[in-house]
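Biologist: I would like to go through the side-chain contacts and strands of a model. Please put the sequence and structure up, and I will ask about them.

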Amino acid sequence: PRQPAKTLWYDRPRYVYLEFCVEDSSDVKVIIEDQRLVFSCKNADGLEFYNEINLYARVNSKDSREKRSDRSITCFMRKWKEKVAWPRITKENIKPAWLSVDFDNWRDWEGDEEVERAMVEQYAEV
């Protein structure tokens with residue numbers, strides 16, 4: 001039986017970030033399409049996780065990537081329309097129980113572009 005992974009998201013001027021909170025993940029698959037993201041993996045206990053998100057707006061799938069760590073898998077997706085705020089991550093105006101806003105990383109955008117660029121470069125190097 002598959003279950004959705006606990007997921008945090010936050011919005012930035014150029015990118016939207018999603019963090020799938022699965023420790024010791026294996027068989028990680030991330031498919032980023034222009035309007036949809038599909039995530040699946042297993043954890044150390046062999047539990048299968050699966051999330052499918054129809055995105056609020058278009059992303060540039062060619063300029064989007066993911067990074068796996070011991071505790072989670074973070075996806076950052078390049079917005080098609082930069083500097084347009086996303087009020088939610090899902091196309092539908094519903095909030096699944098497994099999805100939350102990452103308030104630790106949510107900020108006002110004033111002067112945030114340099115911070116965002118540094119974050120993306122940091123992810124890209126790994």
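Modeller: To start, arginine 2 lies over the face of tyrosine 50, at 4.0 Å from the ring centre. A charge sits over a ring if NZ of Lys or CZ of Arg is within 6 Å of the ring centre and within 35 degrees of the ring normal. This is a predicted model, where local features need pLDDT of at least 70 and side-chain atom pairs count only at pLDDT 80 or more, while totals for chains, interfaces and linings use all residues. Residues are numbered from 1 along each chain as its sequence is written, and side-chain values use heavy atoms, with hydrogens and water left out.

Biologist: Over the ring of which residue does the charged end of arginine 58 sit?

Modeller: The charged end of arginine 58 is 3.9 Å from the centre of the ring in question. That ring belongs to tryptophan 80.

Biologist: How many aromatic pairs are there?

Modeller: Rings of Phe, Tyr and Trp (its six-membered ring) pair if their centres lie within 6.5 Å; planes under 30 degrees apart count as stacked, over 60 as edge-to-face and the rest as tilted. By this rule the number of aromatic pairs is 7.

Biologist: Why does the pair of phenylalanine 20 and phenylalanine 39 count as it does?

Modeller: The ring centres of phenylalanine 20 and phenylalanine 39 are 4.0 Å apart. Their planes are at 0 degrees, so the pair is stacked.

Biologist: How many residues apart in sequence are the parts that phenylalanine 20 and phenylalanine 39 tie together?

Modeller: Strands (E, at least two residues) are DSSP runs, numbered from the N terminus. Phenylalanine 20 lies in strand S3 (residues 15-21) and phenylalanine 39 in strand S5 (residues 36-42), so the parts tied together are apart in sequence by 19 residues.

Biologist: Is phenylalanine 20 buried or exposed?

Modeller: Buried means under 20% relative accessible area, exposed over 50%, partly exposed in between (1.4 Å probe, protein chains only). The relative accessibility of phenylalanine 20 is 0%, so phenylalanine 20 counts as buried.

Biologist: Which residues form one aromatic cluster with Tyr10?

Modeller: The cluster holds tyrosines and a phenylalanine. Besides Tyr10, its members are Tyr15, Tyr17 and Phe76.

Biologist: Why is strand S2 described as largely enclosed by the rest of the structure?

Modeller: Strand S2 covers residues 6-11.

Biologist: In which sense do S2 and S3 pair?

Modeller: Two strands pair if DSSP finds at least two bridges between them. A hairpin joins S2 to S3 through 3 residues, and lysine 6 has cysteine 21 in S3 as its bridge partner. Over 6 bridges, the sense of the pairing is antiparallel.

Biologist: Which residue in S9 is the bridge partner of threonine 7?

Modeller: S2 and S9 run parallel and are joined by 3 bridges. In S9, the partner of threonine 7 is leucine 99.

Biologist: How many salt bridges does a search of the whole structure find?

Modeller: A salt bridge is a side-chain nitrogen of Lys or Arg within 4 Å of a carboxyl oxygen of Asp or Glu. One of them joins lysine 42 and aspartate 27, with the closest N and O atoms 3.7 Å apart. The search finds a total of 8.

Biologist: Which residues do salt bridges that share partners join into one network?

Modeller: Arginine 78 and glutamate 82 meet in a salt bridge at 2.5 Å, N to O. The network is made of Arg14, Asp63, Arg78 and Glu82.

Notes:
Helices (H or I, at least four residues) and strands (E, at least two) are DSSP runs, numbered from the N terminus.
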